[in-house]
Amino acid sequence: MSSSQSRRSAVISLVETGQVHSQSDLVHLLGKAGFLVTQATASRDLEEIGALRGRRNDGVATYLLPREHSFPSELILSVESSANMAVVKTPPGGAQLLASALDRGSGIGAFINVIGTIAGDDTVLVISKKSDGGAALAKELLGIAQPSSSPSSTPSTAPSKVSSRKAKK
């Protein structure tokens, strides 16, 4: 294993422990593990492994790894659509994790109608390839958020709002 591969493996392990709150923390922790790196290298490693800044369940800001093989559907609180866009509300700090999962999914063909996303702290703008695809995109996202629920049994954590608005021309 090359030194960059073993270093990235260490970065993944450190991020998974929840100890990496900043790039400076990562530089320090890697140094303790025998990897002397600059902040620029730490930044590239975090980007390479897909780590994003977010909040843990206790509210502490830290770097997190999106789940590779599952979609973070619990992050979808509500969805509204307009023209070719869907606006997704998430818990505070959840937007970047959701946007990353959507972007990665569109890159591997899981979300074929998604061009891309823009994320804030608790809001994700998802843009559809079709000029009128916002409503279909919102429906798809809601289907992911509540995959096993039927109309008569909506879980209490299900998205609370869906609406479709036509853009003014």
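User: What makes Asp 45 and Arg 7 a salt bridge?

Analyst: Their closest N and O atoms are 2.5 Å apart, and the term asks for a side-chain nitrogen of Lys or Arg within 4 Å of a carboxyl oxygen of Asp or Glu. The pair therefore qualifies. Please keep in mind that this is a predicted model, in which local features need pLDDT of at least 70 and side-chain atom pairs pLDDT 80 or more, while totals for chains, interfaces and linings use all residues. Residues are numbered from 1 along each chain as its sequence is written, and side-chain values use heavy atoms, leaving out hydrogens and water.

User: Which parts of the chain does this pair link?

Analyst: Asp 45 sits in helix H3 (residues 39-49) and Arg 7 in helix H1 (residues 3-17), 38 residues apart. Helices here are DSSP runs of H or I with at least four residues, strands are runs of E with at least two, and both are numbered from the N terminus.

User: How many salt bridges are there in the whole structure?

Analyst: The search finds two. In the other pair, Asp 45 meets Arg 8, with the closest N and O atoms 3.0 Å apart. Here too helix H3 is joined to helix H1, so parts 37 residues apart in sequence are tied together.

User: Why is Asp 45 called buried, and what is Arg 8 called?

Analyst: Buried means under 20% relative accessible area, exposed means over 50%, and partly exposed lies in between (1.4 Å probe, protein chains only). Asp 45 has 1%, so the word buried applies. Arg 8, at 25%, is partly exposed. Arg 7 is buried, as is Asp 45.

User: What makes the buried residues of H1 one side of the helix?

Analyst: The buried residues are Arg 7, Ala 10, Val 11, Leu 14 and Val 15. They cover an arc of only 135 degrees around the axis, so they are on the same side of H1. That arc is taken from the directions between the helix axis and the C-beta atoms. As a rule, an α-helix has 3.6 residues a turn, so residues three or four places apart point the same way. The buried residues of H1 pack against helix H2 (23-32), H3 and S2. After H1 comes Gly 18, with a positive phi near 85 degrees.

User: What is the span of H5, and what is expected?

Analyst: H5 (residues 134-145) has 12 residues and reaches 16 Å from its first C-alpha to its last, close to the expected 16 Å. The expected span is 1.5 Å times one less than the number of residues. Its buried residues are Gly 134, Leu 137, Ala 138, Leu 141, Leu 142 and Ala 145. Since their arc around the axis is only 135 degrees, they share the same side of H5. Ala 136 and Lys 139, on the other side of H5, are exposed.

User: What makes a set of residues a nonpolar core?

Analyst: Its members are buried Ala, Val, Leu, Ile, Met, Phe, Trp, Tyr and Cys residues joined through side-chain atoms within 4.5 Å. The largest one here has 21 residues, and Val 79, Val 88, Val 124, Val 126 and Leu 141 touch the most other members. Strand S4 (85-89), helix H4 (95-107), strand S6 (123-128) and H5 each give two or more residues to this core. Another core of 14 residues lies apart from it, with Val 20, Leu 30, Val 37 and Ala 51 among them.

User: Which residues does Leu 141 touch?

Analyst: Contact means heavy atoms within 4.5 Å. Not counting residues up to four places away in sequence, Leu 141 touches Ile 76, Val 79, Ala 86, Val 88, Leu 102 and Val 126.

User: What makes the phi of Ala 83 worth a look?

Analyst: Its phi is positive, about 50 degrees, although Ala 83 is not a glycine. Most residues other than glycine have a negative phi. Ala 83 lies in the loop between strand S3 (78-82) and S4, and at 27% relative accessibility it counts as partly exposed.
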